[in-house]
Amino acid sequence: MKLVKRVSSEARSPADGNKQKPNGAQASAVKAGAGTVCNKSGSSEKVDMRNQGRVEDQINEEHLKRIEAMFHEADTDGEGGLDMEEFREAIKKIMGDIDDEDVDIIFMKVDTNCDGHVDWDEYLNYMLLEYKEKESFQKLNRPVYFPTPLQTVPIAQCEPIVRLQFFPFQAPHGGSGPKTRSQLGRYLSVSRDGVLNYWNERFTVTRTVNLDYLRRTPPFTSNQQMWVTDMICLSNLNQLAISSTRRAVEFYDISGSKCDILFSLTGLGGYVVVMDYWSDETKGVFSIGDDKGFVSVFISNDLLQYGLFNSRAFKSVSRGKCQISVPALLKNTSKHFLCFKLAVHNDWCHQIRFLHELNAVATCCSSDHTSMVITTVPQSPKAKIQNSAFLVRRGILCFDYSPELNILVSGGLDGIVRVWNPYLNHCAIAQMKGHSTGITHILVNGEDNKVISISQDKNVRVWDLEDCACLQNVPSRNVAMGHLPISSIHYNRHFNTLLLATSMIGVLHGVVDHADGRYEMKTSHEQQLCAALYNVNFKQVVSGCHAGVVSVWEILTGEKVMQFRTSPVDKPVEVTAMAFDGPKRRLITGSKDGTLRLWNFNNGELLSTLPILDDREVTGIIYINQRIYVSGWSKRVTWYLDVREDKELEYRVWNRYHIEDIYSMHADGKKTLVTTSYSGDIIVWNIHSGQAFCRFNAYESPRPLQPNRVIDGSVVDRSKASVSGGWFDDSNRVELTEDTVCKSPQMFSARPSGSPPHCPPQKDTERSGSRTPEMNQAVSDAKKTTGLKTPQKSQKKGLKFVGHAPIRELEMPRQAVEKVIFLGTRERNPDTAMLLTSAADGFVYAWSTHHQGGLLAKFRAVHSEDTAVSSMSTDLQDQVLFTGDSAGYIMLWDIERYCVCARGDEEAMSPPQAAVRLRGLVPAYCQVTGPRRVNMEKRSEVWSGWSVSLTPPPLLSSWRGHLRSVVSVEYVPRFRLIVTASLEHNVRLWTIAGAYIGTFGQDRWRIGDLRTSPPDLPVDLRRVASYQTLKVLNQGKQPHWNCAKRILKKLAQQRLQHAATADIRRNVVSDRRKLDPLDPHVVQYSNDQFEDTWLHWKESQQKSTQTSVILGMTYKPRSKHRLSPPCLDLQVSSGAREQLRIYKYMPLYALEPIPHLPVPDLPKESAQKNLGGANVPGNHRSFGMAKAAHCDQAARQGRQHRLGN
């Protein structure tokens, strides 16, 4: 149940022994607080936004009682059932004004047997099963908040760490630091004996300061042993406040590498045990609590100008020490400061914190009467101070506040985590139990709706505020941090890192999204998708994966509302096919082991399991006329009669006409069924009789073929294709033998000679410019034969017969028909394509199922040769064909007039006037341009007298929606959306214009809400998306591509200019004599003269007189520029974020060794004299002075020598 429902129940029951019921105002305040808990945006809505669209989530216990009474009142005949109209009236009478559609959805969810009535037991069972399945799948999908085990950081000390805090680096004055998600800085820890350690972000000690030793050095003279009680960082002031048992708070200057005592806060009257500091860079609040329950608060309204404390209270004592007396501060009359002290608790304070959002100071202790007190900060010294006490038996040891949710969470000795409304102190709005000992530390992350609590036995638990449930339990045996209890914690919300401290430090790393530019991709399913279906009744998307998991998603929000397994967890079986029943209230799943099951997918209830007739994989399921038609690797079609549980199940297996596995199946209304196989066979069935009356195979003939029945793996029926005289006329039959095989056709629509004329072909201006290259030749030209050869006689190694046509095994994959769909809105005639199939060769084939029809057209529907169309679907009016290929591309084709000829009555095939023209919904920027838009080579081809059109339909749009094969694509006409599923484990939602809505399980959205901002494109697509894909996904915006085009154009112009300049230079050198003869500088010299003057110049260069007759004395030879030495590579022993880098430096050269110059005579004589009196103490000094003078003189001469060089 949601926290909203728990809040209402908790509000009615007294908390912690308080038997007084809240009054009406308090109860309404509790509900308001509950609404604040669940609403992150801070709005005044009382319920969660996600629950407003689901009526069943708003039904509480009182509503259920009234609904039960309504069922009994309507039970006039003793059956106790309500039809849809009665059910609608009953719900509206109880729940108020609710849309009929929402009530009808509930009725259809409950009435899974479609008998039109719902009784009370049926309704109650549905509700119980729904909540049970929801709770189970929520527990199953709960993420681990701290997935990695605890990492310990040992410290060379025995005393426990009193406080561990993060000290961020401050930006220079007058400037602002870089705006990043994470903040750079260092960690500070202080032990009980006064050892202060500096840690970098990798938890390596960079500096250690002994504060107790610092207090004992002059000018400070203290013989008392230091016993630290708390530490707080004043980061914007570069100060550190440390309290100890000396009844004083000492402030240290820690700017740079300093750690000097600035002043002390004295005259406290008790031992300070807890401290807190808050600042917004202008205002500062410093709060302390002592062992007697007193709370002192010091507020400065302008830190930068006046400091934290009033300067008038500063007092200098002996030896340069400075002290501030608290009584002097409390007597303050300045308007820039506000100080007050009051007795809040009757026991020592455990925690204190200033809550800026509430303008109050919160404290807690272990007392029953003043467990937690919120003290409102007065506006002036004369204003009255108000307190609000929260009472809990055995007191409160820790608390935390969430400004995002406006709640307080607390923990005490009873081990219960409580959630409080700050304005209601009589009872908690939620409680979470699980700890066996007292809770000593607690914190809340309002952004993630999580609470982290730590108990005395070092048990760490993570709680979900939405469900009030424990998400993760880290037992004490996994927290190997010695025998001491956890004394301090710090939670870094930017990196989701929890630090625990005893005499050592433990680190728990959590999962982080978008940290340092990295993003942990979430997927809709854990394994590859089988399909994704849209249910029009419930506005939901149902997807299944190979792990045997079925998920139900709300298409309007992207929320997962249900998830269940179709097989046991220990023995998962792949879901390979899915379909809805006729009323679309039940889900039918087929598995790899041949199992067929019927589900109520709204609550995960297994309704029935059909008998297994074949244990091979199921690939197709269709529900027609109260029958479930199944096909798959059994190569057969089987149907089951959908009856009630009390009736006998009826089923039938049709005759086998496929020699290979069936890949796809589709139906045209309630009369015709079509199946396709791996061998390329397309068989059309009569649903009522179960007989196959037509067969197509694009690699055998463009005309209809007679189905060949298979018994025990052998083909027993053979007949010839008809060209003019009917289906089975053998006059023009093409037979394939071992020596002669027919050429693979390039098929698309045109009529053979002697048949009725076709409609005019589509003009080039109305079609897309996608190129349609010819297919690879699979077999050679055919020769007509009069006799039939049995497959046993003509079959050889490496050949396999389809019917009576031998086809090589290596060519079979390209013949496999991946998908097939009927165009149900079209009439059945020889010139109209009613059937579309996609083969493994990347082509889409259009067939006429008329007995005089056949293959009318084909076109390549993929971008590359090694890609196949893996999924197809159309809208209800068959205006647009939606295709998805094995490379992840999604394409929209305009097929409204494609392969359609109504024999003069063209208006009969046009959609109704009320129908939406989908072609007009696709913007013009979605059209394919650039290298992919290449004109086709041929418009048609003729195969054995049959003309096949190669003109593709207009390509409306194309973009890459996935990185792997698209297994399902479906159009949602009501919202004009496209649902796609892929083997990359994702189900995504798009608009018909190609705009990205989101990925189920990864994003949240609200369809129709204009206030929602468009989501970011998926990371995987941004890395590999082409120009066309980005143009479609960015809704025509392409600024970076325009910039790239301008850069490339500029570079091309520069290349042309350089090439032209090079040509001019070559022409000038080669045609030097063709220049103006009047130019004296060029024409009057010959090549020999140039050579002579060059030799003369070279000789003069050796004599240091560089002259040239032609170039003159000012000529100087070209010399290479001496490059500056490379940048110094400084090795520093700091973290990666503190790496010292050089950006600018002066020219420098390596130092040369100092030359050894001869010693002058005077220092020699002085040295010899001093050696004679070496035993005299004074001579040592004179000899040292002489030696120093000699060294100085040698150094000066060395510098002069280098400067001279």
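**A chat about the structure**

Author: Start with Leu64, which is partly exposed, with a relative accessible area of 25%. Keep in mind that this is a predicted model.

Reader: Which helix is Leu64 found in?

Author: Leu64 is in helix α4, residues 61–73.

Reader: How far is Leu64 from Leu124, in sequence and in space?

Author: They are 60 residues apart in sequence. In space the distance is 8.8 Å, C-alpha to C-alpha.

Reader: New topic. How many residues of helix α6 are buried?

Author: Eight of its eleven residues are buried, so helix α6 (residues 100–110) is largely enclosed by the rest of the structure.

Reader: Which ones are the buried residues of α6?

Author: They are Val103, Asp104, Ile105, Ile106, Phe107, Met108, Lys109 and Val110.

Reader: OK, charges now. How many salt bridges does a search of the whole structure find?

Author: The search finds 19 salt bridges. Side chains of opposite charge can pair when their charged atoms come close.

Reader: Show me one. What meets Asp212 in a salt bridge?

Author: Arg246 does, with 3.6 Å from N to O. This pair links distant parts of the chain, 34 residues apart. Asp212 is in helix α8 (residues 211–216). Arg246 is in the loop between β9 (239–244) and β10 (249–253).

Reader: Are those two buried or exposed?

Author: Asp212 is buried because its relative accessible area is 9%, under the 20% cut-off. Arg246 is buried too, with a relative accessible area of 16%.

Reader: Which residues are linked with them in a network of salt bridges?

Author: Glu250 is linked with Asp212 and Arg246 in that network.

Reader: Another pair, please. What does Arg586 form a salt bridge with?

Author: With Asp581. The closest N and O atoms are 2.8 Å apart. Both Arg586 and Asp581 are buried.

Reader: And Arg919, what is its salt-bridge partner?

Author: Arg919 pairs with Asp894, and their closest N and O atoms are 2.8 Å apart. Arg919 lies in the loop between β60 (889–894) and β61 (940–943), while Asp894 is in strand β60, so the pair ties together parts that are 25 residues apart in sequence.

Reader: How accessible is each of them?

Author: Arg919 is partly exposed, with a relative accessible area of 42%. Asp894 counts as buried, at 6% relative accessibility.

Reader: Where does Asp448 lie?

Author: Asp448 lies in the loop between β26 (439–445) and β27 (450–455). At 34% relative accessibility, Asp448 counts as partly exposed.

Reader: Last topic, cysteines. How many disulfides does a search of the whole structure find?

Author: The search finds zero disulfides. A disulfide is a covalent bond between the sulfur atoms of two cysteines.

Reader: Take Cys365. Which cysteine sulfur is nearest?

Author: That of Cys349, 6.8 Å away.

Reader: How buried are Cys365 and Cys233?

Author: Cys365 is buried, with a relative accessible area of 0%. Cys233 also counts as buried, at 9% relative accessibility.

How values were computed:
Residues numbered from 1 in each chain as written. Predicted model: local features only at pLDDT ≥ 70, side-chain atom pairs only at ≥ 80, totals over all residues. Heavy atoms only, no water. Salt bridge = Lys/Arg side-chain N within 4 Å of Asp/Glu carboxyl O. Helix = DSSP H or I, 4+ residues; strand = E, 2+ residues; numbered from the N terminus. Buried < 20%, exposed > 50% of the residue type's maximum accessible area, 1.4 Å probe, protein only. Disulfide = S-S within 2.5 Å.
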